[in-house]
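Visitor: I would like to learn how to read a model like this, one feature at a time. Where shall we begin?

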Amino acid sequence: MQSLPLFPEQASTVAGQVDALYLFLVLITTFFSLLIAILIIYFAIKYRRTPERTAEQIHGSTLLEIVWTVIPLGISMVIFLWGAALYFHIQRPPGNALEVYGVAKQWMWKFEFPGGQREINSLHVPTGRPVKVTLISQDVIHSFFVPAFRVKSDVLPNRYMTSWFEATTPGTYHLFCSQYCGTKHSGMIGEVTVMKPEDFAAWLESGKAEGSMAASGEKLFQQYGCTTCHRPDSGARGPNLEGLYGRPVRLQDNRVVIADDNYIRESVLNPNAKIVSGFQPIMPTFQGVVSEEQMLQIIAYIKSMADQTGQPLNNRSTPTQIRDTEVPNVQQQMQQDQNQKPSGKQP
Amino acid sequence: MSTAAQTVKPVMPARHYLNDNYGIRSWLLTKDHKRIAVLYLFSITFFFFIGGIFASLIRLHLLTPNGELFQADTYNKMFTMHGVNMIFFFLIPSVPAVLGNFIIPIMVGAKDLAFPKINLMSWYIFMVGAFFSLYAMVSGGVDTGWTFYTPLSSGFVHTNVILMAVGILFAGFSSIFTGLNFIVTVHRMRAPGLTWGRLPLMVWANYAASLIMILGTPVLAITLILLALERGFHIGIFDPKLGGDPVLFQHMFWFYSHPAVYIMILPGMGVISEIVTCFSRKRVFGYAFVAFSSIAIAVFGFVVWAHHMFVAGISVYSAMVFSLLSYAVAIPSAVKVFNWTATMYKGSVKLDTPMLYALGFIGLFTIGGLTGLFLAALGLDVHIHDTYFVIAHFHYVMVGGMVMAYLGGLHFWWPKMTGKLYPEPVAKLAALITFIGFNLTFFPQFILGYMGMPRRYAMYSPEFQVLNVLSSAGASILAVGFILPALYFTWSLKYGEVAGDNPYKATGLEWQTTSPPPTHNFDVTPVVTEDPYHYGAEEEVTVVP
């Protein structure tokens, strides 16, 4: 209870930029509030009611009206453009980000790294490297908020949201749920620990779990019987998933969608929402069967097949076998810039 | 007040709307807009103090970071019911249903509103809604937040969501009827000579708010019905487990609830225009600009709803459009503030109680409006969204703005409504206490929000305690500022000096009839030959180039 800080710590690359816009707005607000306050006080004193003087009637002034319409409009357009530019920066994760996956539920945060390391109500990240957090909720809407990073993203129960940041200063920072989510909303808090890259690498190494997310995903892929249809040699009842991730997919109604996280999740939970051209709607739903954590692992597995030279999705006769997936380990992944641009065109 | 000792003491008129008829029946079956306004006054004052008790308990609870006073569930119910009470049962009906109901028919020179029976029905519907809402509160409460976000509200909490939704649904219908009545009255029942260009700005502002009431409120009704259907019958609309979309709820909810902010603030702006002109003895500066800015706010207010959803998963491009439009809606509000300030220029200013509230409004609304620019700035909103910054911002607009305007208007028209004067020195003191208490309560919350304290937290991190203690201290001062008027207004009914027909020497038709007015407002239908606010003779009018 000793000091009275006015700002949260700045621990990400955007924190300074957000604070700059904030300070600009504080200046504008102070200026106009003082202007109005001083004018009111000055007029109230200077033109106070006295018996000698009567009020001078003034209709108005179109010139003044234009001035005090145009000047605020101009200032607000500057704020708008500044805010929009910053927003685009904050909302769009760079391609080379380290990926982390988060599942929110009443009332805890669970995170998993591609290497399989898991945390609860705690998130470790390195400095000097963008981190992209892919988030989903198991129940109601939550919100992922790290004040020191100046980032926030609602966490929805029906689709993946992403948030990214690049931490700058090692330390421990608050993680808050900022969307009211029921009884223990204020207890749905955690810590974000920012580490130097070498410390982070060591931390990851020490936390090695039984297998990477993709490896767990592959097990689930077999366990749930996905292999029955989604193998090149499975009689082509379902699309081959090799090389699928990040590529365009042509649907029955001729729409083309990109096979991203949300597409894959929807295809598992609600298979009839988007039928790939040339296939029958025969897949059963896995709603209520696959948990959100498992879903992320299955997606990681499908993603891990992205770089394999799979045949085009709509080609029914695919002779290639799925090789045993080489599981990307995190250290490797941290060094390589993953470029997953949609390449090639679909037939 | 100023001229109290000049001439003969004013006397109460022999017959007026208060003594025209006696007995509980004459009140409960009245079709007189003035009596209905008084019924509303009692109802919403009750809800204001209920909401105020919740607010006090919230501030008391937040004195310590670990929340020793209440269980988290209890705290969650507290802020939900504070919000529901204050918004749907106090702020939305405050100026329109009390002051507007009383004064607008008189301002346009009419004998009553266009549909007196619908007006009475709207009060009964309001009370039915109030009954449901109170029943929901005493039978276990609601803990969804006043925003009822799905799927939390539709599938997860175990409290009286449907009861409360029904209560709000009824309150919404009551405000649709009030809005309808105002619109028809303003169109059809103006006195001879009272052209649209001569309408008092109070009428313009309530007209604009009425447009929003009748166009926006049905969407709230639909949203609440869909919510109840999903909660009661598991029809999938918002809950993804049932095939719905939770963000759809937010779109529908804010499509009403953002314009509802303007339902709350526009009538308050109308009150300020009346008070500032009267106590500066000046025409309003730029009448047309002040009048049309109300309409502009009502129109633009409908296309900014998604600025509540910048981090809720809308596309970056639609976020840009909504941010841009949000700045557009800020401009007419700025125009009003500048015009009110300019109205004081070369005026003859007297700082009586209503004027103190009006000046308080201008200052606090300016801060409230300008901090809206922070929240509309996309990149900055990501950080301050759903923090105490938002709480501080809308309390500056809603309490610093609207409640100040409501109290200012209540003081201004109290002599007209009751025929009695309230004790001026105590009233001035109360206005000052309210102003100080308000700022001490809510200014620290801007800093809390930027520091990162999320809203709706029953427990918080210890570094936020200093600011929370300051805020709670302010709230106790603010409470005094709100209790005082309730006391001296009641006192004035019996002991107040007789006001006389026009204690402020104000223009406007309401001051040309007796205080309190007769049941039919005017003995002879007035004819209007002047612009509004014709303080001073026409020869003195100068036009600034």
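This is a predicted model: local features need pLDDT of at least 70, side-chain atom pairs count only at pLDDT 80 or more; totals for chains, interfaces and linings use all residues.

Visitor: How many bridges join S6(A) to S7(A), and do the strands run parallel or antiparallel?

Guide: Five bridges join them, and the two strands run antiparallel. S6(A) covers residues 142–146 and S7(A) covers residues 151–155. Together they form a hairpin, with four residues between them. Look at Arg150(A) in the turn: its phi is positive, about 60 degrees.

Visitor: Which other strand is joined to S6(A) by bridges?

Guide: Strand S9 of chain A, residues 171–177, is joined to S6(A) by two bridges, again antiparallel. Here Phe145(A) has Phe176(A) as its bridge partner.

Visitor: Which way do the side chains of S6(A) point?

Guide: The general idea comes first. Side chains in a regular strand alternate between the two faces of the sheet. Now the case: His142(A), Phe144(A) and Val146(A) point one way, while Ser143(A) and Phe145(A) point the other way. Both sets are buried.

Visitor: Why is S6(A) described as largely enclosed?

Guide: Five of its five residues are buried, so the rest of the structure largely encloses the strand.

Visitor: What does chain A contain as a whole?

Guide: Its secondary structure comes to seven helices and twelve strands. Of its 347 residues, 41% are buried. Take contacts between residues at least 6 apart in sequence: 71% of them join residues at least 24 apart.

Visitor: Which domains does the assignment give for chain A?

Guide: Domain 1 is 7–44 + 62–209, and domain 2 is 213–334. Between them, 16 residues of domain 1 are in contact with 15 residues of domain 2. On the domain 1 side, S1, S2, strand S5 (130–137) and helix H3 (197–206) of chain A each supply at least two residues. S1(A) gives the largest share, three residues. That side divides into nine nonpolar, four polar and three charged residues.

Visitor: How should I read the nonpolar core?

Guide: In soluble globular proteins, nonpolar side chains tend to be buried together. Here the largest nonpolar core has 276 residues. Leu266(B), Ile272(B) and Ile362(B) are those with the most contacts inside it. Helix H3 of chain B, residues 72–107, contributes the largest share, 21 residues. Domain 1 and domain 2 of chain A both give residues to this core, so it lies between them.

Visitor: What does Ile362(B) touch?

Guide: Leaving aside residues up to four places away in sequence, Ile362(B) touches Ile36(A) and Ile40(A) from chain A. From chain B, it touches Ile272(B), Val337(B), Trp340(B) and Thr341(B).

Visitor: How many residues of each chain are in contact with the other chain?

Guide: 85 residues of chain B are in contact with 78 residues of chain A. H10(B) gives the largest share of the chain B side, 15 residues. That side divides into 54 nonpolar, 21 polar and ten charged residues.

Visitor: What covers the buried residues of H9(B)?

Guide: The buried residues include Tyr287(B), Phe289(B), Val290(B) and Ile297(B). Their cover includes helix H2 (62–91) of chain A, together with H7 (201–233), H8 (246–280) and H10 (316–344) of chain B.

Visitor: Where is His234(B), and is it buried or exposed?

Guide: His234(B) is in the loop between H7 and H8 of chain B. Its phi is positive, about 55 degrees, although it is not a glycine. His234(B) is exposed, with 12 other C-beta atoms within 10 Å.

How values were computed
Residues are numbered from 1 along each chain as its sequence is written. Chains are lettered from A and ligands numbered from 1 in the order in which they are written. A nonpolar core is a set of buried Ala, Val, Leu, Ile, Met, Phe, Trp, Tyr and Cys residues joined through C-beta atoms within 7 Å. A residue is buried if 20 or more other C-beta atoms lie within 10 Å of its own, exposed if 12 or fewer, and partly exposed in between; C-beta atoms are placed from the backbone. Domain bounds come from an automatic or database domain assignment. Two residues are in contact if their C-beta atoms, placed from the backbone, lie within 7 Å. Two strands pair if DSSP finds at least two bridges between them. Ala, Val, Leu, Ile, Met, Phe, Trp, Tyr, Cys and Pro count as nonpolar, Asp, Glu, Lys and Arg as charged, and the others, Gly among them, as polar.
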